[in-house]
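Dear colleague,

Please find the structure below, handed over for your records.

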Amino acid sequence: MSEANASATRITPGNALRPEDIALQDAKPADAVARYALGLGDDALILAQRLGWWISRAPELEEDVALANIALDEIGHARSFLTYAGRAWDKTEDDLAYFRREPEFRSVHLVEQPNGDFARTIARQFVVALYQWELYSRLVHSSDPTLAAIAAKAVKEVDYHRDHATQWVLRLALGTEESRRRMIAGLRLTWPYVEELFTDYPLIDEVGDAGVRPSELRESFDSAVRTVLTEAELEVPAVPGAVGGGRLGRHSEHLGYLLAEMQVLAREHPGASW
Amino acid sequence: MTGGSTTGDDGATAPSSGLHEERAAWPLWEVFVRSSRGLSHVHAGSLHAPDAEMAVRNARDLYTRRNEGVSLWVVPASAIITSDPDAKDAFFESPQGKDYRHATYYTKSEGVKHL
Amino acid sequence: MTATAIDTRADHDAAGEKVFNDIIARDSRIEPRDWMPADYRKSLTRQISQHAHSEIIGMQPEANWITRAPSLKRKAVLMAKVQDEAGHGLYLYSAAETLGTPREKMTEDLIAGKARYSSIFNYPVLTWADIGAIGWLVDGAAICNQVPLCRASYGPYGRAMVRICKEESFHQRQGFEILLELANGTPEQRAMAQDAVNRWYAPSLMMFGPPDEDSPNSQKSMEWNIKRFSNDELRSRFVGMMVEQIKVLGLDLPDKDVRFDEGTGRWQYGPLDWNEFKEVLAGRGPCNAQRLERRREAHEEGAWVRDAASAYAARQAAKPTTTKAA
Ligand SMILES: [Fe+2]
Ligand SMILES: [Fe+2]
């Protein structure tokens, strides 16, 4: 693109890492690395599926656009992680997204939680974005170059998600009485699923330097949360953590419905291409 | 996308400008995008946002989805002062006829280069 | 004075009218602060706001398939497309606002059922192939309509259309690609594609508006350089393009009467059911109530969020030392 024909309406594709590029790479992940990538990919996929619902339903049109951008980022991350994971087993991203059964998914319970009202969605976004940022900002140093490359793109995007969620936590918490009440309720409903994010699971030992140990993220996460919630004049919800198990294939009741909807068309036409 | 509506002739009436509930809608912001380093910010359009912080974020989401920009300005629409179009003749008359401000006013001399 | 303030004082200004007429005669552009005839303002406000509403309501039928898109690539493409439509709505509302009507007012008219939007979005989106047919036919027809609008005499409208047209070309291509994939797929997929084309073809032709003889406002719009071609002219041009493109798909247009008329130099097409068009326009389409209800719900249920942000902004502004926005 020459500077001369640049204008405020120019359109360029950019040159970031795309899932299509990963599919063409020779690199095949080790089985454990693939299973690790699957979990991160599933988190992003299920979150994107949830956020996609908001498009055409957001509180203001500008927010439709904002939430769609976040959903698009997440689906991009999901496609990259799943494509890479699939290379270990000769599966495509779509084989993994559409033809696994619920117990074969490795997503955490947090991303499976329903959208609820805007405050609950923002509460979930707030936790996910802060968690993913802590995770990806370390995963860029992964000994696995592909995971590091995916994380390098994702961390910048998630940084924006963090900012988006923070802005809304502040506005809802300090806006009106009603919005504050809803924000507090949203955080309370979300907080039981925080613990699972930072719980180590057996695979982490197998992955070694290719992955990031969840428990090591907790301290920075907590301090980032405290900074925002203090400014929002809110307390960290004092609710007990729920028993997780998503990384082992034990999911919340919500996931089945979500998958039924997501997979219905693909499963009606097995083997078809779209 | 749009439909028959763009023809504007399907018989609907224009929105009336009657009273409507004032719920303090988000104010209007004008958005300016710098498409590349070295170029000026150019007006791209407008949007609604509750405050400047959200305005600049909404502008990023709305006006740079396809790498259209490297920098953004948002300005409250109410802060823009415009020249008065009714006084256009008086306002913009002076430069008219002052052709000597333009290089093309001067005759080129044969053989003189780089001038 | 502000960029969007309206100067009504000059409405009957003879000098203003002369300048306006000169600008139109020179095929130049009218800008927001220029004097303009009240009818011009009214007609443009109606057209641009209807156009904006169409983009926004038009998000719904396609958004319904985001959660069910059959591949992750298609899911991403569809999200990006529906998001673009929100963007188009915003560009257009912003153009309409320069004529003096706030967006809030336009939104209220829409959800009160007082404003119109393109009838095409009142048809149900029944299968995945409909997503292809909408991109190919509906966005295709929209592009046909919109490209000439890039030269509309009202500056902000033309500029919004330039931006929109650049984005729309991806919409039509992705729709065509969906249909092509289905047409070359399994027998079920192929049948799904043909069925979708059958259902969306006639409604997409009706998107160009009533036949020229029943289009009373068109004349004025042409005189004002808002509209550049008649409804029938654009419709016939569109049919010509579809005739060629469907050959690549290997599907059939559900219209036996399509032929090129050497005499008029135009593509002819079979009779269209204008009664159905009027019925749908009058609110009796399969999805009118559902579409408006969803828009109303989103707007009303979003009120507490918008209020919260306004209250926060007011509080921050009142603080003696606010942090400066970067
Ligand atoms: Fe559009
Ligand atoms: Fe479109």
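Which residue forms a salt bridge with Glu177(C)? The partner is Lys73(C), with the closest N and O atoms 3.7 Å apart; a salt bridge here is a side-chain nitrogen of Lys or Arg within 4 Å of a carboxyl oxygen of Asp or Glu. Glu177(C) lies in helix α7 (residues 155-183) of chain C and Lys73(C) in helix α4 (residues 72-97) of chain C, so the pair ties together parts that are 104 residues apart in sequence. Helices are DSSP runs of H or I with at least four residues, numbered from the N terminus. Glu177(C) is partly exposed, at 37% relative accessible area, and Lys73(C) is partly exposed as well, at 32%. In these terms, buried means under 20% relative accessible area, exposed over 50%, and partly exposed in between (1.4 Å probe, protein chains only).

Please note that this is a predicted model, in which local features need pLDDT of at least 70 and side-chain atom pairs count only at pLDDT 80 or more, whereas totals for chains, interfaces and linings use all residues. Residues are numbered from 1 along each chain as its sequence is written, chains are lettered from A and ligands numbered from 1 in the order in which they are written, and side-chain values use heavy atoms, with hydrogens and water left out.

Over all chains, the structure holds 46 salt bridges. One of them joins Asp22(C) and Lys18(C) at 2.9 Å, N to O. Both residues belong to helix α1 (residues 14-25) of chain C and stand four residues apart, about one turn of the helix. Asp22(C) is partly exposed at 34%, while Lys18(C) counts as exposed at 52%.

Turning to the interface of chain A and chain B, 20 residues of chain A are in contact (heavy atoms within 4.5 Å) with 21 residues of chain B. The rule finds three salt bridges across this interface. Among them, Arg57(B) pairs with Asp163(A), the closest N and O atoms being 2.4 Å apart.

A search for disulfides (pairs of cysteine sulfur atoms within 2.5 Å) over all chains finds zero. The sulfur of Cys144(C) is 10 Å from the closest cysteine sulfur, in Cys165(C), which is too far for a bond. For Cys165(C), the closest cysteine sulfur is in Cys150(C) at 3.7 Å, again too far for a bond. Cys144(C) is buried, with a relative accessible area of 9%, and Cys165(C) is buried at 15%.

With kind regards

Definitions and conventions. Helix = DSSP H or I, 4+ residues; strand = E, 2+ residues; numbered from the N terminus.
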